[in-house]
Amino acid sequence: MNEAQRHLQGKVAVVTGASSGIGEAIAHELSAAGCSLVLTARRAERLNALCAQLPGPAVPLSAAIDEPATAQALLELAHRTYGCADILVNNAGMLVSGTLETIDLDGLMQMTRTNYDAVVRTSYVFARAFKQQGAGAIINVSSVGAYLSHSSMGVYAGLKQAVEVFSTALRVELKGSGVRVGTIAPGTTETEIFDRLRASGQPVRADQTPALQSSDVASAVRYMLEQPKHVSMARVLMVSSSESV
């Protein structure tokens, strides 16, 4: 076992949006690295099945991440089960897109609560605990969309840009505390989100260019977390080698 692998061995990681896609891949990657996990998503069956598949300890919490009580419940579950929490990966997210005439306004508001409000609340709840213990790491999953302008995805892009700005400010606020904060912004990644877009007849970028796989993003998250304590990876932007970004 090398030094990077030892850094994650025995750590307790909380991963949101873990029932599929990038979150599920992150759970597999961190479990393989020796982390004990707290996993959350809405779909209890998927969470339970995932926990049973992982090589290391994992407990599920079936909950809506945008509910105000969920963040504190995750922290308390980690402490009750393992005695502490060391890592938070805010991965839960959704995509609502469409033209001015067709876009679902209620869906946009739900996306705002999930993609931004929940990230802020969960980051603060865990950052306070991490600061008190003098160590911890928060990774907020953003998107290449934060750096692009697309007429039908303005709200999604704006929320991801807001996550980037918020995370940077939180990282600066926590400097010297032992708590590291970073973002990872994946390019086009094949996930269930695209299945839903295909079903609704919307164009899917992954059908036009080779996409990243969820495991690619998970490997990058692990790499960020395996850095020595004096290294804070503030931002990782990763795209398919076929993408023009």
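**Entry 1: terms and model**

I begin with the axes: they are lines fitted to C-alpha atoms, for helices over the stretch in contact, and the angles between N-to-C directions run from 0 to 180 degrees. I note that this is a predicted model, in which local features need pLDDT of at least 70 and side-chain atom pairs count only at pLDDT 80 or more, while totals for chains, interfaces and linings use all residues. Residues are numbered from 1 along each chain as its sequence is written, and side-chain values use heavy atoms, with hydrogens and water left out.

**Entry 2: the whole protein**

I looked up the secondary structure and found 8 helices and 7 strands. Helices (H or I, at least four residues) and strands (E, at least two) are DSSP runs, numbered from the N terminus. Of the 245 residues, 53% are buried. Buried means under 20% relative accessible area, exposed means over 50%, and partly exposed lies in between (1.4 Å probe, protein chains only). I then looked at contacts, meaning heavy atoms within 4.5 Å. Among the contacts with a separation of 6 or more, 66% are between residues 24 or more positions apart.

**Entry 3: α2 and α3**

I looked up helix α2 (residues 21-32) against helix α3 (residues 44-53): their axes come within 10 Å and cross at roughly 25°. That makes α2 roughly parallel to α3. The cut-offs are under 35 degrees for roughly parallel, over 145 for roughly antiparallel and 65 to 115 for roughly perpendicular, with the rest oblique. The α2 and α3 crossing is right-handed. A crossing is right-handed if the near helix is turned clockwise from the far one by less than a right angle, and left-handed if anticlockwise. E24, A27 and H28 of α2 make the contact with R46, L50 and Q53 of α3. I sorted the α2 and α3 contact by class and got 2 nonpolar, 2 polar and 2 charged residues. In these classes Ala, Val, Leu, Ile, Met, Phe, Trp, Tyr, Cys and Pro are nonpolar, Asp, Glu, Lys and Arg are charged, and the others, Gly among them, are polar.

Helix α5 (residues 105-133) packs with helix α6 (residues 154-173) at an angle of about 10°, and their axes are 10 Å apart. That makes α5 roughly parallel to α6. The contact of α5 with α6 has 14 nonpolar, 3 polar and 1 charged residues. Among the residues that meet there are L108, Y116, V120 and A127 in α5 and V155, L159, F166 and L170 in α6.

I also looked up helix α4 (residues 70-82), which packs with α5 at about 35°, the axes being 8 Å apart. The crossing of α4 and α5 is right-handed. A71, Q72, L74 and L75 of α4 meet R121, T122, V125, F126 and A129 of α5. By class, the α4 and α5 contact holds 6 nonpolar, 2 polar and 1 charged residues.

**Entry 4: nonpolar cores**

A nonpolar core is a set of buried Ala, Val, Leu, Ile, Met, Phe, Trp, Tyr and Cys residues joined through side-chain atoms within 4.5 Å. The largest core has 34 residues, and those with the most contacts inside it are L30, L37, L39 and I184. Elements giving two or more residues to this core include β1 (12-16), α2, β2 (36-41), α3 and α8 (214-225). The largest share, 6 residues, comes from α8. A second, separate core of 26 residues includes V38, A85, A127 and L170.

I looked up I184 by itself. Leaving aside neighbours within four places in sequence, I184 is in contact with residues including I139, V141, V217, V221, V236 and M238.

**Entry 5: single residues**

S167 lies in helix α6 and is buried, with a relative accessible area of 2%. Not counting residues up to four places away in sequence, S167 touches N140, V181 and T183. V172 also lies in α6, but V172 is partly exposed at 43%. V172 and A234 are 62 residues apart in sequence and 9.9 Å apart in space, C-alpha to C-alpha.

P60 is in strand β3 (residues 58-62) and is partly exposed, with a relative accessible area of 33%. Beyond residues up to four places away in sequence, P60 touches L39, L47, N48, C51 and L77.

Last, I looked up D106 in helix α5. D106 is exposed, with a relative accessible area of 62%.
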